Amino acid sequence: MIRAIVFDLDDTLFSEQEYVVSGFKAVDQWMTLTTGIQGFFEETLRLFKEGRRGTIFNEALRRMGVPFDDRFIQQAVKVYREHTPEIQLFEDAKWALTHYRQFAKIGLITDGHKVSQRKKIQALNIESFFDEIVVTDEYGKENWKPSKFPYCHIMKKFEVQGQECVYIGDNPEKDFITARLLGWKTIRVQRESGLYRHEVPNAEYEADVVIQNLYQLQDVLDLKK
């Protein structure tokens, strides 16, 4: 019997690309206001679409011919992380969070910088949907997925066993392997816009079930009140 349904946040409940675009815009506005630099948004977005990650701010400024130092990059990253994002909850996510509350405890486990993740949760106005929210970075980076910590925290909080839990996420690199080891049922949402949609993991990293949207949970979760 399923007693706990736990969701990932980024690219599971909202579009991570939408957040990235929002962040690039915020940094672009900050640069224009503080230094007069223009064109940062267009350059970072171009790099992002090329698949660049990690040092994208450095690469954008180099392409633009703008001199910078580590302090300037750190300030830009701070603006990115702390901006109020312009993001929207997926319609199927809104449905799932509303629908499944009548059947089970609802939880959230999310990695990422703690300020950024809390800003996302606030912008989406979803806190009231959850019985427990675990922003793993608030407990230290060593407790990010695939650490056992967030899953065990949920089981203790909800007083449930692994076989009574479901984890729904999008990233096979880290979302499912530990949950499966703990006996959880795992479901991967492979959205067309997802950043990890093309990942083909080893068998132990893949979820038990793969779906394309959260409406399809009706086909894979047999729940009764």
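A salt bridge is a side-chain nitrogen of Lys or Arg within 4 Å of a carboxyl oxygen of Asp or Glu. This is a predicted model: local features need pLDDT of at least 70, side-chain atom pairs count only at pLDDT 80 or more, and totals for chains, interfaces and linings use all residues. Residues are numbered from 1 along each chain as its sequence is written, and side-chain values use heavy atoms, without hydrogens and water.

**Exercise 1**

Find the N to O distance between the side chains of glutamate 50 and arginine 52.

Solution. The distance is 3.9 Å, and the two side chains meet in a salt bridge. Next, take accessibility: buried means under 20% relative accessible area, exposed over 50%, partly exposed in between (1.4 Å probe, protein chains only). Glutamate 50 has 44%, so it counts as partly exposed. Arginine 52 has 32%, so it is partly exposed.

**Exercise 2**

Determine where glutamate 206 and arginine 188 lie.

Solution. Start with the contact: their side chains form a salt bridge at 2.9 Å, N to O. Glutamate 206 lies in the loop between β5 and β6, arginine 188 in strand β5, and they are 18 residues apart. Strands are DSSP runs (E, at least two residues), numbered from the N terminus. Arginine 188 counts as buried because its relative accessibility is 1%.

**Exercise 3**

Work out which strands pair with β5.

Solution. Two strands pair if DSSP finds at least two bridges between them. Strand β4 (residues 165-169) runs parallel to β5, joined by four bridges. Here glycine 169 stands opposite arginine 188. Strand β6 (residues 209-211) also pairs with β5 in the parallel sense, over three bridges. There, isoleucine 187 has valine 209 as its bridge partner.
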